[in-house]
Amino acid sequence: MGDRDVPADGWCPESVAAGYDAPGGANAPEVVTPAVDVLEELADGPVLEFAVGTGRIAAPLAARGVPVSGIELSRAMAARIASKPGGDTVDVTIGDMTSTRVAGEFSLVYLVFSTIGNVTAQDAQVEVLRNAAAHLRPGGLFLVEVGLPDLRRLPPGQDTVPFAVTLDHEGAGYVGFDQYDGVTQQFTSNHLTVSPDGTGRFRRIPVLYVWPAELDLMARIAGMKPKHRWADWDRSLLTAGSTKHVSVWKKG
Ligand SMILES: C[S@@+](CC[C@H](N)C(=O)[O-])C[C@H]1O[C@@H](n2cnc3c(N)ncnc32)[C@H](O)[C@@H]1O
């Protein structure tokens, strides 16, 4: 934990929030813009982002004139939204997306960047979908973007999949790996960052992975029916080789 980190901010306290908006990666325009395009097209009135973070998606969507609200656990993350173009109009409520209610009825609720997996109990994931449905007007849409478990990359007898091993010319390094428990569907996302002076930081984030069919069942429990399932924001077909999906359910 950094000096300014507080436990109430969960896995994204100040020390994480401070680096979250670094250029490139998930913040690159070629990643953000296709998501915002789809969300803008699906929106038919006010929208609500669960786990809105620093407004990576919410701010540019609001900048296009869509009324955006957000629920976010971490004050450190949420504090960064207002300074972004469009972010000053995003109405953020600090709270847990399993139970926090915000005023109003929404045309679209969305939960992106695999954040459903940060809710690490199945009953609690069901509550996320119930809470989404509770915020939707009849016929409203709930969208989830989530990675598919990388179990096919596990060699027999092993439980760990490395996804990044990098070293820059100044000697700073990063190692990222996921470790799976195929019985409980829990996995940990592990991030080891080493500075050029040799000091390092190890973060281990627990995740509950979820299959598309489980989400369909949770949606049904919450009173929603499948409407779209894509392999990505480009609306491509989901196949056995896909690494993620973007799925949409309709209330009622
Ligand atoms: C990977 S970030 C995604 C942020 C943003 N949606 C984006 O796409 O950049 C995950 C965010 O979810 C928030 N979060 C995790 N669990 C949450 C919960 N139960 N309720 C609300 N926010 C939560 C974290 O604080 C963090 O800001």
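View 1. In β8, V194 is the bridge partner of G173. This model is predicted, so to speak, with care: local features need pLDDT of at least 70, side-chain atom pairs count only at pLDDT 80 or more, and totals for chains, interfaces and linings use all residues. Residues are numbered from 1 along each chain as its sequence is written. Strands β7 (residues 173-181) and β8 (residues 186-194) run antiparallel and are joined by nine bridges. Strands here are DSSP runs of E with at least two residues, helices are runs of H or I with at least four, and both are numbered from the N terminus.

**View 2. The sheet of four strands.** Here the strands follow the order β6-β7-β8-β9 in an open sheet with antiparallel pairing. Two strands count as paired if DSSP finds at least two bridges between them. At the edges stand β6 (160-167) and β9 (200-208); each has a single partner strand, so one side of each is left without a neighbour in the sheet. From one strand to the next, the twist averages 10 degrees. Such angles run from 0 to 180 degrees between N-to-C directions, with axes fitted as lines to C-alpha atoms, for helices over the stretch in contact.

**View 3. The sheet of seven strands.** Now look at an open sheet with mixed pairing, in the order β3-β2-β1-β4-β5-β11-β10. Its edges are β3 (91-94) and β10 (224-230), each with a single partner strand, so one side of each is left without a neighbour in the sheet. The twist averages 20 degrees from one strand to the next.

**View 4. Strands β5 and β11, with two helices.** Strand β5 (residues 136-147) runs antiparallel to β11 (residues 244-251), and seven bridges join them. Opposite L141 you will find K250 in β11. Helix α2 (residues 29-42) lies across β1 (47-50), β4 (106-111), β5 and β11, at about 155 degrees to β4. Helix α5 (residues 122-135) also packs on the sheet, where it touches β1, β4, β5, β10 and β11. Contact means that the C-beta atoms of two residues, placed from the backbone, lie within 7 Å.

View 5. Domain 1 covers 7-149 + 210-251 and domain 2 covers 151-207, with bounds from an automatic or database domain assignment. Their centres, taken over C-alpha atoms, are 25 Å apart. Five residues from domain 1 and five residues from domain 2 make the contact.

**View 6. Around the ligand.** Of the 20 residues around the ligand, A51, G53, R56, L73 and S74 come nearest; a residue is near if its C-beta atom, placed from the backbone, lies within 6 Å.
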